[in-house]
Structure formats: structure tokens, C-alpha cells
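Here is a friendly briefing to read alongside the model. Please have the viewer open as you go.

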Amino acid sequence: MSIKMICSDLDGTLLQYGRKTLEPEVFTLIEQLADRGILFCPASGRQYTSQKKLFAPVADRCAFLCENGGVLYKEDVCIGKTPMPRALAEEIARDLWERSDGQGEVMLSGQNCAYLMERGLGMLDRIRFIGNQYKIIRNPSDVPEEIVKVSVYLHEGVEKYADRFVPRWQEANCAVAGPYWIDTTLANKGTGVQKLCEVLGVAPEEVLAFGDNYNDTAMLDLVGTPYIMDSAAAPLRERYPRHTPRPEDVMRALLDGHTV
């Protein structure tokens, strides 16, 4: 079956080594893929504003899976959103704040704005770095819109806290989302890609996807052609037989007519 859409995680996958901007090659590949009828979709925990800035030269030729699948955009229109029950989102936010030993900062995500409960430990710098719209709040009840994701930023790393929070909040798909982040949401990248497929008329078997972390597994399990990064944890490399050091190499091979 031919590939009709490519979905790629960003941080640690298409953006490696802490890079803030994409290589120009990526934009060229996205243009060439679009000319062949293959849609490119960034799939990230970032909000739409951040992703649109990152892909500005080709944003009009992409779809966007934002907030780990909680929000979907195409052509500046929100085409899908999965809000969390308000009481659950606020309970999780308070738990992440209160039981992170004073070392966690909490982000509650709306459709296109991040609401930050911060302690000056680095989360605000990170949010500015990736270009999110944000507001500082004191309490989860201060968020004036539907909440699609609740995250905790742990500046010392997630290792000490994963067992504390991940099992406790499985009803909200709690998962490690990177070296410093744990996310909760009723959506995930798999449900986000599934919704995109339904809206755009693409079969999941016609999707190629790239990921590097555990919050990418729902997406990788869904699609017909999953790739894991060479830098991913050993259990993930064992789970997915296709590995790559760079998504660009696979996209170029696809354009050149090679089997991927």
C-alpha cells in the first residue's frame, strides 16, 4: 500500500541535539512530498503556534497534530480537539504540583495557549524556547478554557517521578514524554493520527511515522510503517524493527522510489 501521510515527532526525532530550528532540507522534502500527494504532519506535544512557527515556510502544506493528539489543525482551522473532564484535569494538576517535592512545574494546555504554574526551575525558559503562547496562573481553576493536556516539568529529570505519577494517572494516559516531562491527556498521538485519517480520508496503513519515546508508541502501533530513532531506548528499538538516525533519510528514500 502506498504512503499518503507522514507523521513525525519533533523533539528528539526531527529536532535532535537540542536544535531550535529545522534543517532547510526538511522544508524541501515536505514540498516534494506534497507535490507527490503525500501530506506531512508534525506530531508533538507542542501547541499549534509553536509548530506553525517552526514549519513556517511550508505550514500551508502540512497538517498539525498538537498537544500529543489533543488538538489537530489544518490550514489554520482546528479540525479536532479532545478536552479532559475539568475536574479530572484540575485534580491531576494539583497532584503533579503537590507531590513533586517542590521540583515540578505544571503546564495546563488549552487549544492554543499554555497555562503555567511555575517555580522558576526552567519550565518558563523551555516554553519560551519552543515559542508557545502562555500565561502564568496560580491555580488550575484559573484556566479560562477547556483543558486538553496536563504536564509536569521536572528539572532534575523524570526518573525519580515516573513510578509515582504514571501508574496513578493511567485513566489519563499518563506517560513519560521526554527526559524532563510527564504528560496526561485523554488523547494520544495514536488517537490523533486516527482522527486525522478519518477527517482526511487516509487509511492508517497508508501512514509512515517517526518517533523516539514512549509517548510515540500509540502512533507507531497504529500506522502501517513505523520507524523508531536509533537513539531511542533499547526496549523501543526491540519493539519496532525499522530504525533510522534521521527521518530525512527515509523521506528521501521514499521520494527516490525505494521501499521503506
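A cluster of Phe40, Tyr48, Phe55, Phe64 and Tyr73 is linked by ring pairs; rings of Phe, Tyr and Trp (its six-membered ring) pair if their centres lie within 6.5 Å. The model is a predicted one, where local features need pLDDT of at least 70 and side-chain atom pairs count only at pLDDT 80 or more, while totals for chains, interfaces and linings use all residues. Residues are numbered from 1 along each chain as its sequence is written, and side-chain values use heavy atoms, with hydrogens and water left out.

**Aromatic pairs**

- By this rule the count comes to 8 aromatic pairs.
- Tyr153 and Tyr180 make a tilted pair, with 6.1 Å centre to centre and 40° between the planes; planes under 30 degrees apart count as stacked, over 60 as edge-to-face and the rest as tilted.
- This pair links distant parts of the chain, 27 residues apart: Tyr153 sits in strand S9 (residues 149-154) and Tyr180 in the loop between strand S10 (175-176) and S11. Helices (H or I, at least four residues) and strands (E, at least two) are DSSP runs, numbered from the N terminus.
- Tyr153 counts as buried at 11% relative accessibility, whereas Tyr180, at 38%, counts as partly exposed. Buried means under 20% relative accessible area, exposed over 50%, and partly exposed in between (1.4 Å probe, protein chains only).

**Helix H1**

- Helix H1 (residues 24-35) has 12 residues and should span 16 Å at 1.5 Å a residue; its end C-alpha atoms are 17 Å apart, which agrees. The expected span is 1.5 Å times one less than the number of residues.
- Val26, Phe27, Leu29, Ile30, Leu33 and Ala34 are buried in H1.
- Seen down the axis of H1, the buried residues fall within an arc of 165°, so they line one face of the helix; the arc is that of the directions from the helix axis to the C-beta atoms.
- Pro24 and Asp35 are exposed on the other side of H1.

**An open sheet**

- In the order S3-S4-S5, 3 strands form an open sheet with antiparallel pairing; two strands pair if DSSP finds at least two bridges between them.
- Strand S3 (63-66) and strand S5 (77-81) stand at the edges with a single partner strand each, so one side of each is left without a neighbour in the sheet.
- S3 pairs with strand S4 (residues 71-74) over 4 bridges, and Leu65 stands opposite Leu72 in S4.

**Thr184**

- Thr184 belongs to strand S11 (residues 181-184) and counts as buried at 0% relative accessibility.
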